[in-house]
Amino acid sequence: MRDPHILLRVVSKFLIPLIALFAFYVQFHGDYGPGGGFQAGVILAASVILYGLVFGIAATKTAFPPSWIRIGMTLGVLLYGGTGVLSFLLGGEFLNYSVFSHNPSHGQHYGILAVELGVLCTVASVMVAIFYAFGSRQPGVPNIENANEDG
Amino acid sequence: MVFASTSHALPVYILDYGLLAILVIVAFAIIRVRSLFAIVMLQGVYSLVCAAWFVSLDAVDVAFTEAAVGAGVSTVLMLSAMLLADCRSAPVPISRQIGPLVIVIIAGMAMLYAVGDMPAYGSATSPANSYVGMDYLERTAKEIHIPNVVTAVLASYRGYDTFGETVVIFAAGLGVLLLLGLNGNAGRWEACPNGQCVSDSDSVASIEQSGSLASSREGETKPSKLKTKGADDA
């Protein structure tokens with residue numbers, strides 16, 4: 001039997017890398033345009049979720065292993081907190097990025113970059129974690145039309 | 001992005017009121033429709049129209065978040081939650097609708113009363129444009145040298161707040177992992193959505209398409225599979 005979702009699979013296979021790329025654009029262009037770590041993390045998670053919706057949760061778990069989630073969400077918070085501790089150790093206040101470079105505004109750039117990267121890791125991991133947690137319990141998509149007739 | 005547009009022409013009014021009218025229509029549709037699938041989809045539509053309206057109000061960063069979170073991820077999450085529950089919502093008797101209606105009317109009237117105290121749209125003397133907001137706008141150009149003031153405020157001036165937000169998201173993820181696990185309660189669960197009973201043995205069979213649970217548990221023949229399974233279960 002031919003796959004009834006062949007068109008969906010081909011189109012999303014083309015789109016998923018572009019969505020992930022757009023997430024990184026939003027992440028690293030956040031200083032100049034709208035966006036930042038939070039939005040980028042959600043978009044990155046959306047690309048994984050789209051893969052899960054089209055190709056199934058088992059294939060998604062090999063592409064984005066669940067072990068990455070615990071590492072990712074912890075690493076993000078540690079990166080954010082670690083940036084604060086590092087600025088603390090270098091003689092500034094907690095999360096005062098100006099001490100990272102001789103030029104205070106360059107230090108601010110580095111600090112914002114590190115902090116946003118931490119937000120990206122945590123947000124993307126947690127969104128995928130919630131999707132995995134609920135998605136793994138699915139009995140498969142029921143036929144909505146039949147369910148409506150029953151009710 | 002930050003400076004409000006000063007010329008408010010007729011097309012802008014039409015856009016604003018048109019989008020608000022669509023929001024009201026979608027909200028009524030969400031109340032009236034009984035199919036939960038349609039409700040989830042309409043909530044996605046609501047978020048998307050909200051995002052378009054935020055763009056028209058020059059709040060691009062907020063619009064971005066609304067489109068990504070509200071219309072994108074939360075629609076999928078609501079959908080996966082709906083599949084575990086029922087497909088249709090049960091009708092609520094009129095007698096139980098009166099209390100919520102009274103509360104909504106009182107809250108709505110309180111908001112309408114408060115509208116009179118709000119500053120005009122884009123007003124130079126509004127609280128957002130007069131105190132600390134202007135300070136951030138002036139200092140960002142001198143101190144941080146990045147064009148997007150929103151990012152500067154979020155990540156640098158208000159770094160503590162964003163740290164707190166990140167920890168909140170981390171805590172939410174931790175709660176989900178503790179309660180449900182990444183594999184649906186670590187593989188030991190049973191659910192009866194829509195009268196169709198599923199238990200962990202079904203899900204394991206579908207997840208591990210080759211090889212049953214027993215073979216992957218006792219057999220050392222597939223070390224890579226065993227490793228993934230262990231990571232899932234933990």
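**Where two chains pack**

Me: Which residues of α5(A) meet residues of α8(B)?

Reply: A:Val119, A:Thr122, A:Val123, A:Val126, A:Ala129, A:Ile130 and A:Ala133 in α5(A) meet B:Thr162, B:Thr166, B:Ile169, B:Phe170, B:Gly173, B:Val176 and B:Leu177 in α8(B). Contact here is heavy atoms within 4.5 Å; helices (H or I, at least four residues) and strands (E, at least two) are DSSP runs, numbered from the N terminus. This is a predicted model, with pLDDT of at least 70 needed for local features and 80 or more for side-chain atom pairs, while totals for chains, interfaces and linings use all residues. Residues count from 1 along each chain as written, chains are lettered from A and ligands numbered from 1 in written order, and side-chain values use heavy atoms, without hydrogens or water.

Me: How do I describe that packing?

Reply: Two packed helices are described by the angle between their axes and the distance between the axes. For α5(A) and α8(B), the angle is about 25° and the axes are 9 Å apart. Axes are fitted to C-alpha atoms, for helices over the stretch in contact, and angles run from 0 to 180 degrees between N-to-C directions.

Me: Which residues touch the most other members of the largest nonpolar core?

Reply: That core has 48 residues, and the ones touching the most other members are A:Ile69, A:Tyr80, A:Val128, A:Phe131 and A:Tyr132. A nonpolar core is a set of buried Ala, Val, Leu, Ile, Met, Phe, Trp, Tyr and Cys joined through side-chain atoms within 4.5 Å. Elements giving two or more residues are α1, α2, α4 and α5 of chain A plus α3, α7 and α8 of chain B. Your helix α5(A) gives the largest share, 14 residues.

Me: What does A:Tyr80 touch beyond four places away in sequence?

Reply: Its partners in chain A are A:Leu95, A:Tyr97, A:Val115 and A:Val119. Across in chain B, A:Tyr80 touches B:Ala155, B:Gly159, B:Thr162, B:Phe163 and B:Thr166.

Me: Is A:Ile16 buried or exposed?

Reply: A:Ile16, in helix α1 of chain A, is buried at 13% relative accessible area (buried is under 20%, exposed over 50%, partly exposed in between; 1.4 Å probe, protein chains only). Past its neighbours within four places, A:Ile16 contacts A:Ser47, A:Leu50 and A:Tyr51. The C-alpha atoms of A:Ile16 and A:Ile49 are 9.7 Å apart, though 33 residues separate them along the chain.

Me: How many helices and strands does chain B have?

Reply: Eleven helices and two strands. Chain B has 234 residues, 31% of them buried.
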